[in-house]
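Good morning, and thank you for coming.

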Amino acid sequence: VSTESGECQSRVKLLQHFGGKTSNRTKSYSENINKIINEVSDQSQPLWKNSAEKKGISITFETDLEKTENIKVNDTGIKSALYNLIKNSVEAIVKEGKIKIETEILNNNVIIRIIDTGKGMDEETRSRIFQPFFSTKGFESGRGMGMSGAYSIIKEHNGEIYVKETLPDKGTTIEISLPISLEDEKKVEPQKIPISKDITKILWVDDDPLIRNLASEILESLGIEGDLTDSGLKALKLLEGKQYDLVITDIGMPGMSGWELCDIINEKHNSKMKIAVVSGWGAEVDEETMEQHGVSYVVEKPFKIKQLQERINKAMQ
Ligand SMILES: Nc1ncnc2c1ncn2[C@@H]1O[C@H](COP(=O)(O)OP(=O)(O)OP(=O)(O)O)[C@@H](O)[C@H]1O
Ligand SMILES: [Mg+2]
């Protein structure tokens, strides 16, 4: 249980980071990167040892740390980034393998390498790993937030993170480079995702609890208030009692379909309510149908946060 809540916490942290909600001020005192790595290694032991063993996967975990200078970092952020990189390495190892974390000082940078002998990546995957919500793990196991979260944290430190090497069935090396700055750390502006100011409330209708979960995480990360509900009927009830700026609805739902819901809303609100529909995986929604039901926006699955944000902004114009 403790692992799960730990994972959950780190996910929430990442999402908050992503939305620019946390204070991104780097610490005013120095941290030893090797110490941080040792701590994350311990914290992630349930991943690479206990739960791997339970699945019959055997992982050797080791560190090779060069004496590094202390640098000013946001230790929780760096820990969360490293935790997610280790988690990815663990998840890449099929039967048995090795994960190694190295540090080195190179040209006034601390270099951290996370090396695994996992299944590696093909070119397409490699080119997309830093995209929020990109995952090859299937909707239930991967949210695609690990790498994008790590990216934004490392960027806050004026550092770099990249795939140093990856070979299908051989393994992956992710490299992080953090500057050892001698001057006082400047305050780094958070990477806030701009969202239309007019938006106050969204009603999101989907019968799939996984999508509702994800939707609430997305809205939270974008700093938008929202209500989630699982049926057209409940949505109509909520709409009677409350003011919303945008309704986002799934199309295929048992009972009242998304299209039927759109029709009723339009009738009740004189076609003034902004409505977006969520299309099925890879399915296209044609413009004629949209027009017919007074829908102006389509959000495609899998969600990309950028796209969703664009749609929401557009809808509010
Ligand atoms: N060490 C690795 N080896 C192989 N593939 C990797 C590795 N790290 C990342 N990837 C690929 O990059 C994708 C994105 O990684 P990311 O951590 O962002 O999402 P995720 O692991 O799928 O989901 P989440 O981390 O949110 O649970 C993964 O789905 C996987 O395909
Ligand atoms: Mg991951």
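Predicted model: local features only at pLDDT ≥ 70, side-chain atom pairs only at ≥ 80, totals over all residues.

Residues are numbered from 1 along each chain as its sequence is written, chains are lettered from A and ligands numbered from 1 in the order in which they are written, and side-chain values use heavy atoms, with hydrogens and water left out.

First, the overall fold. The protein has 11 helices and 12 strands; helices (H or I, at least four residues) and strands (E, at least two) are DSSP runs, numbered from the N terminus. Of its 317 residues, 50% count as buried. Here buried means under 20% relative accessible area, exposed means over 50%, and partly exposed lies in between, with a 1.4 Å probe and protein chains only. Among contacts with a separation of 6 or more, 70% are between residues 24 or more positions apart, where contact means heavy atoms within 4.5 Å.

I turn to the interior. A nonpolar core is a set of buried Ala, Val, Leu, Ile, Met, Phe, Trp, Tyr and Cys residues joined through side-chain atoms within 4.5 Å. The largest one holds 37 residues, of which Leu82, Ile112, Ile176 and Leu178 touch the most other members. Helix 4 (residues 75–92) supplies the largest share of this core, namely seven residues. Leaving aside residues up to four places away in sequence, the contacts of Ile176 include Leu82, Leu85, Val110, Ile112 and Ile154. A second, separate core has 21 residues, including Val205, Leu236, Met273 and Ile275.

Leu236 brings us to helix 8. Which residues of helix 8 are buried? In this helix, residues 232–241, they are Gly232, Ala235, Leu236 and Leu239. Viewed down the helix axis, these buried residues fall within an arc of 100°, and so they line one face of helix 8; the arc is that of the directions from the helix axis to the C-beta atoms. On the face turned away from the buried side, helix 8 carries the exposed residues Leu233, Lys237, Glu240 and Gly241. The buried residues pack against strand 8 (201–205), strand 9 (225–229), strand 10 (246–250) and helix 9 (258–268).

Now the aromatic rings. The structure holds two aromatic pairs. Rings of Phe, Tyr and Trp (its six-membered ring) pair if their centres lie within 6.5 Å; planes under 30 degrees apart count as stacked, over 60 as edge-to-face, and the rest as tilted. Trp48 and Phe61 are stacked, because their ring centres are 4.4 Å apart and their planes are at 10°. This pair links distant parts of the chain, with Trp48 in helix 3 (residues 45–54) and Phe61 in strand 2 (residues 58–65), 13 residues apart. Trp48 is buried at 12% relative accessibility, and Phe61 is buried at 15%.

Phe130 and Tyr151 form a tilted pair, at 5.2 Å centre to centre and 45° between the planes. Phe130 sits in the loop between helix 5 (123–128) and helix 6 (146–156), and Tyr151 in helix 6, 21 residues apart. Phe130 is partly exposed at 23%, as is Tyr151 at 30%.

Next, the ligand. Ligand 1 is surrounded by 23 residues, the closest being Asn88, Ser135, Thr136, Lys137 and Met147; a residue is counted if one of its heavy atoms lies within 4 Å. An oxygen atom of ligand 1 is 2.4 Å from a side-chain N or O atom of Thr136. For the side chain of Lys137, the corresponding distance to a ligand oxygen is 2.5 Å. Gly144 places a backbone N or O atom 3.0 Å from an oxygen atom of ligand 1.

Finally, the loops. Most residues other than glycine have a negative phi. Asn107, in the loop between strand 4 (96–106) and strand 5 (109–116), has a positive phi near 45° and is exposed at 68% relative accessibility. Asn158, in the loop between helix 6 and strand 6 (160–167), also has a positive phi, of about 55°.

Thank you; I welcome your questions.

Conventions: Polar contact = N/O pair within 3.5 Å; in protein donor to acceptor, adjacent residues only side chain to side chain.
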